[in-house]
Amino acid sequence: MSDIEMEDWAGEIGDRWLMHIDRFESMIGQIGTALLDFAAFKPGERVVDVGCGGGPTTLGIARAVAPGGSVTGIDIAPQLISEAEQRRLAAGQDNCSFVCADAQRADLGAGAFDRLTSRFGVMFFEDSLAAFTNMRGWLKPGGDAVFACWGPPPENTWIALVGQVIGQFAEVPQRDPSGPGPFRFADPQATGAMLEAAGFSDVSFTPHRAEQPLGGAGSSPAEAAGFVLDSLAMRGVLEAQGGVVVARAEAALVEALTPYYRDGSVMMPGMSWFVRARNPG
Ligand SMILES: C[S@@+](CC[C@H](N)C(=O)[O-])C[C@H]1O[C@@H](n2cnc3c(N)ncnc32)[C@H](O)[C@@H]1O
């Protein structure tokens, strides 16, 4: 499986995110709230939310920048933009709009925004430098980007433990750590250098550590293990080894997750970077 296939957000990956959207969004809900607090959006600001998915952060920002401000969510996956638009209509939020386009290439207008943000939506570009150079052009001089990306896998028990357990039963496909994927910006040095090469200045990295409910709040260890197999696409990796192996791996996952089960959820340590960078103009 190539990285391109693994990151086909307008296709299979986006379908899978949509199918399990409540669980995914619940897992990263706390991080979204903390990111919006960190960014401290103010009434009147014009904001772009990159890789907005089903738009939960976009809708939150729309409330924060009212009155007078507006937010545009951009995402490459039509099925997620359609979900976001339905939610916008249901919420009656009229200072918010959604665009289906590839942020690496899209022209949203020079200097059209005061702020750019993203919760885990900027790690999947074919060419990060080209994408951030393009996106910087959307910001007015002095405008900033504030986004969340995952820290290193060893600090993200929710994925490290899963990899360890599944790895006992099948070979888990390894990604190029610098290619498109969730952990691509885990190294602040490399990410900072890329952002500076894209023309940003005053780049800073603030670690955000929080436990997150694997499989979403209220999932039991068995439900969280099912989520790992189906939503994180591990079932396919195991199925090649036969049905017995799938069952054994699922049982091993349940056992490994049980010590993290607390107050009705499987709470697992995670670490993300809140990155801030300025467009000097
Ligand atoms: C991990 S999801 C996060 C979704 C959303 N930000 C959230 O927190 O609920 C990553 C998102 O990035 C989007 N994405 C990936 N590549 C993109 C690109 N080139 N341009 C715009 N969006 C992209 C995906 O479609 C997906 O919705």
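Where is Pro67 found? I looked this up first: Pro67 sits in the loop between helix 5 and strand 2. Helices (H or I, at least four residues) and strands (E, at least two) are DSSP runs, numbered from the N terminus. A cis peptide bond, with omega about -5°, joins Ala66 and Pro67.

**Entry: basis of the model**

I note that this is a predicted model, in which local features need pLDDT of at least 70 and side-chain atom pairs count only at pLDDT 80 or more, while totals for chains, interfaces and linings use all residues. Residues are numbered from 1 along each chain as its sequence is written.

**Entry: overall form**

I recorded twelve helices and eight strands in the protein. The radius of gyration is 19 Å, close to the 19 Å that the globule rule gives for 281 residues, so the protein is as compact as a globular protein of that length. That radius is taken over C-alpha atoms, and the globule rule is 2.2 Å times the number of residues to the power 0.38. Along the principal axes, the C-alpha atoms fill a box of roughly 55 × 40 × 30 Å.

I then looked up burial. A residue is buried if 20 or more other C-beta atoms lie within 10 Å of its own, exposed if 12 or fewer, and partly exposed in between, with C-beta atoms placed from the backbone. Buried residues make up 41% of the 281 residues.

For contacts, the criterion is that the C-beta atoms of two residues, placed from the backbone, lie within 7 Å. Among contacts with a separation of 6 or more, 81% are between residues 24 or more positions apart.

**Entry: the ligand shell**

I found 23 residues around the ligand, and the closest are Trp9, Gly51, Gly53, Arg119 and Gly121. A residue is near a molecule if its C-beta atom, placed from the backbone, lies within 6 Å of it. Helix 5 (56-65) and strand 2 (70-75) are the elements that give two or more residues to this shell.

By class, the shell divides into twelve nonpolar, seven polar and four charged residues. Here Ala, Val, Leu, Ile, Met, Phe, Trp, Tyr, Cys and Pro count as nonpolar, Asp, Glu, Lys and Arg as charged, and the others, Gly among them, as polar.

**Entry: helix 4 and its end**

In helix 4 (29-39), I listed Ile31, Leu35 and Ala39 as buried. Seen down the helix axis, these buried residues fall within an arc of 65°, so they line one face of the helix. The arc is that of the directions from the helix axis to the C-beta atoms. Their cover includes strand 4, strand 5 (139-150), strand 6 (201-213) and strand 8.

Ala40 has a positive phi of about 50° although it is not a glycine. Is Ala40 buried or exposed? It counts as exposed, with 10 C-beta neighbours inside 10 Å.

**Entry: Phe120**

I looked up a further positive phi, of about 60°, at Phe120, which is not a glycine. Phe120 is placed in the loop between strand 4 (113-119) and helix 7 (128-136). With 21 other C-beta atoms within 10 Å, Phe120 is buried. As background, most residues other than glycine have a negative phi, and most peptide bonds are trans.

**Entry: helix 10**

For helix 10 (residues 221-231), I recorded Pro221, Ala224, Ala225, Phe227, Val228 and Leu229 as the buried residues. What covers them includes helix 3 (21-27), helix 8 (157-167), helix 11 (234-239), helix 12 (243-257), strand 7 (261-262) and strand 8 (265-278). Just after helix 10, Ala233 takes a positive phi of about 60°.

**Entry: the partners of strand 8**

I counted two strands as paired if DSSP finds at least two bridges between them. Strand 5 runs antiparallel to strand 8, joined by seven bridges, and Ala148 has Phe274 as its bridge partner in strand 8. Strand 6 also pairs with strand 8 in the antiparallel sense, over eleven bridges; Ser201 stands opposite Arg278 there.

Strand 7 pairs with strand 8 over two bridges, again antiparallel, and Tyr261 has Val266 as its partner. The hairpin of strand 7 and strand 8 has two residues between the strands, and Asp263 in that hairpin takes a positive phi near 50°.

**Entry: Gln168**

I located Gln168 in the loop between helix 8 and helix 9 (188-197). Gln168 is exposed, with 10 other C-beta atoms within 10 Å. Gln168 and Ala252 are 84 residues apart in sequence, and their C-alpha atoms are 9.5 Å apart in space.
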